[in-house]
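Hello,

The structure we talked about is below, followed by notes on what was found in it. Please look through it when you have time.

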Amino acid sequence: TKRELELLERELADEEELIAKVGGGEASLTVEEKRELQLKRDILRMAREHGHVDGDAEDAVKKPDGFYRLPDEFDGEDAIAKG
């Protein structure tokens, strides 16, 4: 959800700030810590690419993502309902 992504974004920013303050940069991290940081960055990047960070789910649906979406209604539906 939007809230979870915002929390992840803050968590990642806090971790990167802490790494910078401690010194040594990412070179001082273990392999597991580096992998976890990269995973968080990848999740945020993918969420941004699909429009899920800046807006809620309804806004994300409105943004083009390169996939064809079936329309909610089509012309023939009204004629069938009035029948």
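**Notes on the fold**

Of the 83 residues in the protein, 16% count as buried. Please keep in mind that this is a predicted model.

The protein has four helices and zero strands, so the order from the N terminus is α-α-α-α. Its accessible surface comes to about 7,000 Å², and carbon and sulfur atoms account for 55% of that. For contacts between residues at least 6 apart in sequence, 58% join residues at least 24 apart.

**Helices α1 and α2**

Helix α1 covers residues 2-22 and helix α2 covers residues 31-49; they pack at an angle of about 140 degrees, and their axes lie 10 Å apart. Because angles over 145 degrees are what count as roughly antiparallel, α1 is classed as oblique to α2. The crossing of α1 past α2 is left-handed.

Which residues make the contact? From α1 they are Leu-5, Leu-8, Glu-9, Glu-11, Leu-12, Glu-15, Glu-16 and Ile-19. On the α2 side they are Leu-37, Lys-40, Arg-41, Ile-43, Leu-44, Ala-47 and Arg-48. By class, this contact between α1 and α2 has eight nonpolar residues, seven charged ones and no polar ones. The charged residues that α1 brings include Glu-9 and Glu-15, while those of α2 include Lys-40 and Arg-41.

Regards

Note on methods:
Residues numbered from 1 in each chain as written. Predicted model: local features only at pLDDT ≥ 70, side-chain atom pairs only at ≥ 80, totals over all residues. Heavy atoms only, no water. Helix = DSSP H or I, 4+ residues; strand = E, 2+ residues; numbered from the N terminus. Buried < 20%, exposed > 50% of the residue type's maximum accessible area, 1.4 Å probe, protein only. Contact = heavy atoms within 4.5 Å. Areas by Shrake-Rupley, 256 points an atom, 1.4 Å probe, with all protein chains shown as cover. Axes fitted to C-alpha atoms, helices over the stretch in contact; angles between N-to-C directions. Parallel < 35°, antiparallel > 145°, perpendicular 65-115°, else oblique. Left-handed = near helix turned anticlockwise from the far one by under 90°.
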